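Subject: Structure for you to look at

Hi,

Here is the structure I promised to pass on. Could you open it and keep it beside you while you read my notes?

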Amino acid sequence: MLSAYPAYFIKEENGYSVIFPDLNNLATCGSTLDEAFMMAMDCLAGYLTWLQEDGEEIPTPSNIDAINMEKVAEEYEISIQDLFVNMIVVDVAEYAKIHFQEMVTKAVAIPKWLNNIVLEQDIDLSDVLQKALQNKLEPHKS
């Protein structure tokens, strides 16, 4: 499920600061605009994952149209030209699967002849096993 929160992007001397007003002014930054957007997605997904794991209430996002840009610029003592607001959207569950979930090492036994082929063809056995397990479990997802 997608989560979307407004974020203030503030142009700084060395990049961009990003602030989520609905999430206790959670902040991140990036040296380029692209990096700031990527960091904002990571920050949002990480924070919402943490809230979910701790059983905390997830704040309701503000309507982007209700944000008063002049008031925000005044609050942060910046020029309105150095500020814009954008929605940051992330699928928290999918992002967490890819970026936050801890890996567990498992011993797997395969026949020697098969291992020789795996090594010969430079196959990532861990990746193959993960994909096979995900495909096998896919029908059982809720």
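Before the rest, a word on what you are looking at. The model is predicted, so local features need a pLDDT of at least 70 and side-chain atom pairs count only at pLDDT 80 or more, while totals for chains, interfaces and linings use all residues. Residues are numbered from 1 along each chain as its sequence is written, and side-chain values use heavy atoms, with hydrogens and water left out.

Overall picture

The protein has five helices and four strands, in the order β-β-β-α-α-β-α-α-α from the N terminus. Helices here are DSSP runs of H or I with at least four residues, strands are runs of E with at least two, and both are numbered from the N terminus.

The radius of gyration is 21 Å, whereas a compact globule of 142 residues would have one near 14 Å. That radius is taken over C-alpha atoms, and the globule rule is 2.2 Å times the number of residues to the power 0.38. The C-alpha trace spans about 70 × 35 × 20 Å along its principal axes. Of the 142 residues, 26% count as buried. The exposed surface comes to about 10300 Å², with carbon and sulfur atoms supplying 53% of it; accessible areas come from the Shrake-Rupley method with a 1.4 Å probe, and for residues only the protein chains shown count as cover.

Among contacts with a separation of 6 or more, 55% are between residues 24 or more positions apart. Contact means heavy atoms within 4.5 Å.

The strands at the start

Strand E1 (residues 2-12) and strand E2 (residues 15-20) pair in the antiparallel sense over five bridges, forming a hairpin with two residues between them. Two strands count as paired if DSSP finds at least two bridges between them. Glu12 has Gly15 in E2 as its bridge partner.

E2 also pairs with strand E3 (residues 26-30), again antiparallel and over five bridges, and Tyr16 has Gly30 in E3 as its bridge partner. Five of the six residues of E2 are buried. The E2-E3 hairpin has five residues between its strands, and Asn24 in the turn has a positive phi of about 55°. Most residues other than glycine have a negative phi.

Ser3 lies in E1 and is buried, with a relative accessible area of 19%. Beyond its neighbours within four places in sequence, Ser3 is in contact with Leu44, Leu48, Ile88, Val89, Val90 and Val92.

Glu77 is in the loop between helix H2 (69-75) and strand E4 (83-91), and is exposed, with a relative accessible area of 72%.

Where is the salt bridge? The structure holds one, and it joins the side chains of Lys131 and Asp127 (3.1 Å, N to O). A salt bridge is a side-chain nitrogen of Lys or Arg within 4 Å of a carboxyl oxygen of Asp or Glu. Lys131 and Asp127 are four residues apart in helix H5, so about one helical turn separates them. Lys131 is partly exposed at 46% relative accessibility, and Asp127 is partly exposed at 31%.

Ser126 is also found in helix H5 (residues 125-137) and is partly exposed, with a relative accessible area of 40%. The C-alpha atoms of Ser126 and Asp54 are separated by 30 Å.

All the best

How values were computed. Buried means under 20% relative accessible area, exposed over 50%, partly exposed in between (1.4 Å probe, protein chains only).
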